[in-house]
Amino acid sequence: MSDPVAVVFGGTGAIGKGIAHALADDGFRVVVSDIGATGPDLSALSGEGHDYVQCDVTDIDGVRRVFAPGSLGGAAAAVVYAAGVNYTGPVVTTDWSAFDRLQSVNLKGAFHVAAAAQELAQPQAYVFIASVAGLSGEAGGSVYCSTKFGLLGFVQSFAAEIAKSGARANAVCPGNVDSPLLRALAGSVAEREATTPDEILTRFAADSAFERLISIAEVADATAFLVSQKASGISGQSLVVDGPPN
């Protein structure tokens with residue numbers, strides 16, 4: 001019997017790569033998908049037969065091609081949506097092109113992936129990478145928070161739609177993850193507040209009672225758990241990967 005297939009959208013990002021490794025370690029044949037023409041080196045993943053498929057999640061026809069019959073070399077057992085972009089700034093000076101980009105990638109893309117997967121593949125497990133920013137708003141984060149709040153509402157609704165077939169959909173809500181995306185965000189905030197990125201990262205770490213940033217591996221492990229049969233009774237839920245807020 002061939003290994004089950006897991007498709008990871010946004011799989012060339014830091015968190016997406018970590019998730020791909022965790023799923024490969026659990027015996028999945030991983031298909032990484034992202035917007036770039038060339039994919040990452042997959043030779044470091046456990047097992048064999050892993051693949052890369054280019055896809056822009058904001059293009060529904062492109063997403064459908066990922067799940068078209070025969071395109072994955074096997075039935076998709078799991079789908080992880082780790083695609084995401086960020087932006088920070090007050091509402092009054094909103095960059096509307098950035099607003100549209102975040103809505104398209106962080107939220108509309110998730111709809112595209114779920115719709116295409118259900119139409120063409122009907123996997124049994126979906127995980128969408130959200131954020132604690134989908135649970136609580138914060139100054140300067142209105143655009144990003146709105147997409148993640150929306151994503152959690154989408155996951156709850158989608159989970160209810162697919163439950164009768166036995167399929168599951170959940171969200172993972174990381175806190176501040178030590179990643180290039182967070183460091184870029186720290187740079188933007190530091191510029192706006194006339195301070196240093198290190199000062200902002202220290203503040204981010206202090207937001208959690210752990211008083212540290214969350215690791216990519218911790219997010220990946222939580223995702224792999226929700227994909228697995230160990231989470232067979234869990235759907236429509238948002239799993240926070242973070243310490244209690246300080």
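Okay, helices here are DSSP runs of H or I with at least four residues, strands are runs of E with at least two, and both are numbered from the N terminus. What you see above is a predicted model, in which local features need pLDDT of at least 70 and side-chain atom pairs count only at pLDDT 80 or more, while totals for chains, interfaces and linings use all residues. Residues are numbered from 1 along each chain as its sequence is written, and side-chain values use heavy atoms, with hydrogens and water left out.

Let's start with helices that pack. Two packed helices are described by the angle between their axes and the distance between the axes. The axes are lines fitted to C-alpha atoms over the stretch in contact, and the angles run from 0 to 180 degrees between N-to-C directions.

Find helix α1, residues 14-25, and helix α7, residues 216-227: they pack at an angle of about 50°, with their axes 8 Å apart. So α1 and α7 are oblique to each other.

Who does the touching? On the α1 side we have A14, I15, G18, I19, A22 and L23, and they meet I216, V219, A220, T223, A224 and V227 of α7. Contact here means heavy atoms within 4.5 Å.

Next, α5, residues 180-193, and α6, residues 197-206. Their axes are 8 Å apart and the packing angle is about 115°, which makes α5 roughly perpendicular to α6. The way α5 passes α6 is again a right-handed crossing. In α5, the residues L182, R183, L185, A186, G187, V189, A190 and E193 meet P197, I200, L201, R203 and F204 in α6. That contact of α5 with α6 has nine nonpolar, one polar and three charged residues.

While we're here, look at the loop between α5 and α6, where A194 lies. Most residues other than glycine have a negative phi. A194 isn't a glycine, and still has a positive phi of about 55°. At 75% relative accessibility, A194 counts as exposed. (Exposed is over 50% relative accessible area, buried is under 20%, and partly exposed is in between, with a 1.4 Å probe and protein chains only.) Q122 has a positive phi too, near 50°. Q122 is in the loop between α3 and β5, residues 125-129, and is exposed at 53%.

Now α2, residues 60-67, and α3, residues 96-120. Their axes come within 9 Å and cross at roughly 40°, so α2 and α3 are oblique to each other. The contact takes I60, V63, R64 and F67 from α2, and H112, V113, A116, A117, E119 and L120 from α3. Sorted by class, the contact of α2 with α3 gives seven nonpolar, one polar and two charged residues.

Keep F67 in mind, since aromatic rings come next. Rings of Phe, Tyr and Trp (its six-membered ring) pair if their centres lie within 6.5 Å; planes under 30 degrees apart are stacked, over 60 edge-to-face, and the rest tilted. The count by this rule is nine aromatic pairs.

F67 pairs with F9, and the pair is tilted, at 5.8 Å centre to centre with 40° between the planes. It joins distant parts of the chain: F9 sits in strand β1, residues 5-9, and F67 in helix α2, 58 residues apart. Are F9 and F67 buried or exposed? Both are buried.

F154 and F158, by contrast, are stacked, at 5.6 Å centre to centre and 5° between the planes. They are separated by about one helical turn because they are four residues apart in helix α4, residues 142-162. F154 is buried at 8% relative accessible area, and F158 is buried at 7%. Ring pairs also tie F154 and F158 into a cluster with Y81, F111, Y126 and F128.

Last stop: V143, also in α4, and buried at 3%. Beyond its neighbours within four places in sequence, V143 touches Y87, T94, F99, L102 and Q103. V143 and F99 are 44 residues apart in sequence, but 6.2 Å apart in space, C-alpha to C-alpha.

Technical notes: Parallel < 35°, antiparallel > 145°, perpendicular 65-115°, else oblique. Nonpolar A, V, L, I, M, F, W, Y, C, P; charged D, E, K, R; others polar. Left-handed = near helix turned anticlockwise from the far one by under 90°.
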